[in-house]
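I opened the model to take notes on its strands, its helices and the contact between its chains. The entries follow in the order in which I looked things up.

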Amino acid sequence: MTTEEPQFDRSDVIDVRRRFKGFLDAGSRFIALVVRDSEDGNFELIYVFDQDEKMTDFRFAIPVDQEVDSVADIYPGAMTAEREAVDLFGVRFKGVRPGLFLVEGKSPPEPLRKRQADVKGGDVPG
Amino acid sequence: MIPFGPQHAAFLEPVNVKLVLEEEKVVGAELNQGYNHRGMEHALSLDYKKSQYLCERVCGICSYHHSSCYCQGMEAIYGVEAPLRAQLIRTIMMECQRLTSHLLALGHIAEAVGYENLFMQCFREREFVMMLVNRLSGNRVHYSMNVIGGVKRDVGPEQVKDVEATMKEVRPRLEELQRVFRRDSTLGKRTHGVGSFPKPAAESWATVGPVSRASGIPRDIRQDGFAAYSEVKFAPIVREEGDIYARMMVRMDECLQSVDIIEECLPLLPDGPAAVQVKGHPTGETFSRVEAPRGELMYYIRAKGALALDRIKLRTPALMNVPALLAMLPGCQLADVPGIVVSVDPCICCTDR
């Protein structure tokens, strides 16, 4: 491993269900899952909650080939958010199938993924 | 198994619900969407200056809420606050749009249960507000009044009188509509106890807006005081039944609440500018949210000091409310499906983006 390689806290990824449940048990309401291409070319996942009428989140970075635990079985409201992330970014959630918005073979794959040149600079991508 | 949509007489927008039936009873449902996906999040990220107009094109019914949410978020990244005059104008216009949206939804519920006269009456009263926003903004659907830093179109003294007069005209008409929705026995039979969605289900499906308030969740983002909502007094309208009737009546009562809020805002309009200038390409990240007619609308914006945004994410209320149909439909009669679907006020433009 070189110093240039990104570091991942894989325990966060493994614990996504526990952390998600922790927010729910604290009375939080799930708002959204935001996915973005981070500067190092990996995914950043941001789970956004409403806690005591304030917005809060937990976030972590994962390599693009990392599989993430789905929370849709413990919280049906997250199902659409996960399926959207699968379609538009190609994030891999355990047991979550693509095809919410896009049709395999007909739609452009992972249309919101950026090329690395776009992530690192340039005004107008695409 | 029979399909409901993507082309259906009771609901014209493209969504498909596959219904599993045992005789006339729905025992299962599967939702298919994406017929109208336009890649708006990508388009909005290309040029943050053009996006203040483009974001209105996400939806034709809550267009002003989209641009208010976007401009509010960009103002937070710039570290500026729109003047109070602009905030009040935004509040007035958002409430006008809530009126047009709710009256449209109410009309569609009436139509879905077979009450076409009431549908026409809803659209007749809605037209008063549509004409008002046309006079205020020059547009009926995409008002194009918001800019980052405030509003680009001010409301003059004559227009304030126009708003007052229109609200005075509309209020008794809405009260009459409210009386019909509340008391009509046929409407009651088609909506009471139908499409039940109890509070625990509303919590786990993370529904928002009138759908969740009709299931006993007293959450309204307007209470957080975005725009000028901190200047006006109101309480969320909440019902406990969780059926079509409750969702319908929450919207009906919110129409009259919107009239109250607009009337409360008008005398508060201060003199002064309606916008502040912003300069340079901003850098930063923000979550912005407003209470759109269908519920909480959230924008995540991450700017990188360039014309293009690093990421913009739209979490529309319909995206949370439409999947909840999977919890509402099982157990209902086939004839009630159109009423239940329309009662969540599904906006496919918002859902698919």
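I count two strands as paired if DSSP finds at least two bridges between them. The model is a predicted one.

**Chain A, overall**

I began with the elements. Chain A has 4 helices and 5 strands. Read from the N terminus, they follow the order α-α-β-β-β-β-α-β-α. I then looked up burial and found that 32% of the 126 residues in chain A are buried.

I looked at strand 1 (residues 29-37) and strand 2 (residues 43-51) of chain A. They run antiparallel, and I found 8 bridges between them. Two of the facing positions went into the notebook. Arg36(A) is opposite Glu44(A) of strand 2, and Ala32(A) is opposite Val48(A) of strand 2.

The connection was next. Strand 1 and strand 2 of chain A make a hairpin, with 5 residues between the two. In its turn, Gly41(A) has a positive phi of about 85°.

I then traced the sheet as a whole. It is an open sheet of 3 strands in chain A, ordered 1-2-3, with antiparallel pairing. Strand 1 and strand 3 (54-62) of chain A are its edge strands, and each of them pairs on one side only. On average, neighbouring strands of this sheet are turned by 20° against each other, direction ignored.

Which helix packs on this sheet? I found helix 3 (residues 79-89) of chain A there, touching strand 1 and strand 2 of chain A. The direction of helix 3 makes about 10° with that of strand 1.

Is strand 1 of chain A buried or exposed? I had 20 or more other C-beta atoms within 10 Å as the cut-off for buried. In strand 1 of chain A, 9 of the 9 residues are buried, so the strand is largely enclosed by the rest of the structure.

**Chain A, the loop between strand 2 and strand 3**

I checked phi in this loop. Most residues other than glycine have a negative phi. Asp52(A) lies in the loop between strand 2 and strand 3 of chain A, and its phi is positive, near 50°. Glu53(A) is in the loop between strand 2 and strand 3 as well; its phi is positive at about 65°, although Glu53(A) is not a glycine.

I also looked up their surroundings, with 12 or fewer C-beta neighbours as the limit for exposed. Asp52(A) has 8 C-beta neighbours inside 10 Å and therefore counts as exposed. Glu53(A) has 10 other C-beta atoms within 10 Å and is exposed.

In chain B I traced an open sheet of 3 strands in the order 1-2-3, with antiparallel pairing. Strand 1 (2-4) and strand 3 (25-32) of chain B each have a single partner strand and stand at the edges, so one side of each is left without a neighbour in the sheet. Neighbouring strands here are turned by 30° against each other on average, direction ignored.

Strand 2 (residues 16-22) and strand 3 of chain B run antiparallel and are joined by 7 bridges. I noted that Glu22(B) is opposite Lys25(B) in strand 3.

How many residues of helix 10 of chain B are buried? I found 18 of its 22 residues buried, and the helix is mostly covered. I then checked the span of helix 10 (residues 244-265). Its 22 residues should span 32 Å at 1.5 Å a residue, and the end C-alpha atoms are 31 Å apart, which agrees.

Arg239(B) sits in the loop between helix 9 (209-213) and helix 10 of chain B. It has 18 C-beta neighbours inside 10 Å and so counts as partly exposed. Leaving aside neighbours within four places in sequence, I listed the contacts of Arg239(B) as Ala214(B), Ala246(B), Met249(B) and Val250(B). Arg239(B) and Glu175(B) are 64 residues apart in sequence, and their C-alpha atoms are 19 Å apart.

**Contact between the chains**

Last, I looked at the contact, which takes 23 residues from chain A and 27 residues from chain B. On the side of chain B that touches chain A, helix 1 (40-44), strand 7 (295-304), strand 8 (309-315) and helix 11 (317-321) are the elements that give two or more residues. Strand 8 of chain B gives the most, with 4 residues. By class, I noted 12 nonpolar, 6 polar and 9 charged residues on that side of chain B.

Definitions and conventions:
Residues numbered from 1 in each chain as written. Chains lettered and ligands numbered in written order. Predicted model: local features only at pLDDT ≥ 70, side-chain atom pairs only at ≥ 80, totals over all residues. Axes fitted to C-alpha atoms, helices over the stretch in contact; angles between N-to-C directions. Contact = placed C-beta atoms within 7 Å. Nonpolar A, V, L, I, M, F, W, Y, C, P; charged D, E, K, R; others polar. Expected span 1.5 Å × (residues − 1).
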